[in-house]
Amino acid sequence: MAINTKVIQRPDPRRISYLRAAFKGMALTLRHMLSPKTVTQQYPEEQTELSPRWRGTHVMEVHADGRPKCVACGLCPTVCPANCIRLVGGEDDQGNRYPIVFEIDEFRCIFCGMCQEVCPVEAIHMGRDFENSEYTRDRFVYDLDRLMQQDHPSALLWDPADPAGE
Amino acid sequence: MAKKTSKGGDAQIEEVTLTIDGQEVTVPEGTTLLQAAQGVGTEVPHYCYHPGLSSPAMCRLCLVEVEGAPKLLASCTTTVAEGQVVLTQSEEATRMRRGVLEFYLLNHPLDCPICDQSGECDLQDYVFAEGREHGRGRDAKRVLGRDDFGGDVLFYGDRCVMCTRCVRFMDEIEENPLLTVVERGNRSVIDTFFEEGLDQAAWGGNVVDICPVGALVSKDFLHKARAWDLEHTPSICPNCSQGCNIELHTRDNLVHRMKPRANLEVNGHWICDYGRGRYEWLNRGDRLEAPVMFTESGNRAMGWKAALEALKARIDDVAEHSVKAIVSPFWSNEDLGAVARLVESLGGGVVFRSPQADEEIPLSGYEGLARRKGLAPNERGAELLGCVRVGDKAGQGGVDDFADHEGVVLVLGDSLDDQLERFAPNAALVVYLGAYTSSALASADFQFPVTTFAEQEGTFTNHVGRVQRFWPALKGPGAARPAWLVLGALLAALQDEEGPSRAEQAFSLVVDSVESYEGLSYESIGAGGGPTGEPVPLAGD
């Protein structure tokens, strides 16, 4: 016998039947077809309910007069582990510190939520949204106007009634 | 315990031994407890104390416990005594400091996110280290808004902790009391006299540096960068020949501000407004980036090796070897020394042009410190290397004799902005080593990009001949290299030997050629500068 040759002993064809197994499988399929319980979700017609702590596309909160709440303190670019926030601070005509440039690269972002956690004025938030596909790559760099226009709800990283978690 | 004596200069200085936080320390008599504690590595929180100013002991934050004393003592004014036992971290001392800090926060706005001092603020640090976790204040905080103090200084009254360092600086050091405390008690506030602001002071920018909180901030730096983003590089002020020790604060390869670096033998803790405000030229964008050779079809960029080989071939071809060189005193000793060596080996002479001010601007309260007449940092270094001063007070003209020169012309650093026509048209070979593009030298045979002082390691020699080191703070653009490296490689090729590959080696070649530099090396100069060779005393703040 040649090397590396293994002879497989086939079972006796008179003693086996594939028919029984085939019927068993068909019965299971049929049972699921008729069952009222559905597992598949019909996205996008049906939307998943997101957790209140879901961290998605950012939102910049605005004051009542339309100014961004951001004071350009520089904590979010400092804390950002992915280095995806670009911030240039300046002074507006009323003498308030504000961001001249505030850009978030959503491609680089790892959605950790630390920018929201560190923000002293609760300006930048993670949003409860994930449907942010675009046709071009450069559209993924969100500037200040775009962040202010995001209208989805923002994430609750902590319980508002118990912010310190005590 | 027997008192020890040691000789310090001519006078006999008594030495005192005491115990601070369990550590025994021996210091000269008259040292304050705060300074002695700094010596053993314990930083006692303080606001009103500044090593360059008098101590009024009014901030009440440096209180320490001294065994045997009935109550806590202000360590900034209490001098050491033999056998004293000082406890800076005892329960009583920390409890008292926590209380004092709570009083400071009664009116201090917690606007750290928009405050420029945030990250380098003493109040922030002390409260974080020793303060209470939560404030107990119930009353509304005092709101004063902000005030323009003139010059480069902006005053945020709410943030002030009334340490009066700024008032004392203007009083004692600048000796031009333009700031004062108005009102009394909890209504007191720092102010200028009516319309007379700090724009009348030539050294007023220092009040921003000594302010322990964000009450006095620089208009130029306002909202520009956060303190923790900046990299600090020890350097030398390039704006006059005093050679003040500074730090360059950089981010994203740009200089954002200049701050004084303490050196009691040169500038104390201070620098002038003239020098402080002139850092923008280090960020200039019109830089040379690649070695360029002029050919019939125009300028051609090339690599360093090819460019230096082509230059060597041209020098060998030139009939008349004599070199006329013009250098800029904004370049380091190492660079100027390399030019001097090249000129020495080929024959010729070196000149330099330097802008001059009409008068000095002295700081009355600090002897030996002034904005000097010479507005270039390395005039003295150039003179010691045998360069001859030409030109007028604006640092222009004086180079007409270059037009007739038929040998080699070498230009280092000076971009000859006053020369409207092509420079040295009769020269057989024109070589320009510079940082910036120059219209007069646009058709020079060779243009080599070199780094400025902020982009390389090196030394400047100040007006009294003190050699001081600086370190690279920025990255040079493109293929720019230090001039000493380029010229050293060229000279090495001409003479068939090895050129310097490190700034230290380039400096030792300079030391060999200048008599008064004898014995100096980077190691012996250190961060404080030579040729005194004495260690510079460490000063806090």
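**Figure 1. Helix 2 of chain B crosses helix 3 of chain B with left-handed geometry.** The model is predicted. The two helices span residues 91-107 and residues 122-130 of chain B. Their axes lie 10 Å apart, at an angle of about 135 degrees. Helix 2 of chain B is therefore oblique to helix 3 of chain B. Angles over 145 degrees would count as roughly antiparallel, and 65 to 115 as roughly perpendicular.

**Figure 2. Residues at the contact of helix 2 with helix 3 in chain B.** The left-handed crossing is shown again, at the level of residues. Helix 2 of chain B contributes Thr94(B), Arg97(B), Arg98(B), Leu101(B), Tyr104(B) and Leu105(B). From helix 3 of chain B come Leu123(B), Tyr126(B), Val127(B) and Glu130(B). Six residues of this contact are nonpolar, three are charged and one is polar.

**Figure 3. The contact of chain B with chain A.** Chain A supplies 11 residues and chain B supplies six. On the side of chain B that touches chain A, four residues are nonpolar. One further residue there is polar and one is charged.

**Figure 4. The fold of chain B, with 12 helices and 26 strands.** Chain B has 541 residues, and 45% of them count as buried. Its C-alpha atoms fill a box of roughly 90 × 55 × 40 Å along the principal axes. Consider contacts in chain B between residues at least 6 apart in sequence: 62% of them join residues at least 24 apart.

How values were computed:
Residues are numbered from 1 along each chain as its sequence is written. Chains are lettered from A and ligands numbered from 1 in the order in which they are written. This is a predicted model: local features need pLDDT of at least 70, side-chain atom pairs count only at pLDDT 80 or more; totals for chains, interfaces and linings use all residues. Axes are lines fitted to C-alpha atoms, for helices over the stretch in contact, and angles run from 0 to 180 degrees between N-to-C directions. Helices (H or I, at least four residues) and strands (E, at least two) are DSSP runs, numbered from the N terminus. Angles under 35 degrees count as roughly parallel, over 145 as roughly antiparallel, 65 to 115 as roughly perpendicular and the rest as oblique. A crossing is left-handed if the near helix is turned anticlockwise from the far one by less than a right angle, and right-handed if clockwise. Two residues are in contact if their C-beta atoms, placed from the backbone, lie within 7 Å. Ala, Val, Leu, Ile, Met, Phe, Trp, Tyr, Cys and Pro count as nonpolar, Asp, Glu, Lys and Arg as charged, and the others, Gly among them, as polar. A residue is buried if 20 or more other C-beta atoms lie within 10 Å of its own, exposed if 12 or fewer, and partly exposed in between; C-beta atoms are placed from the backbone.
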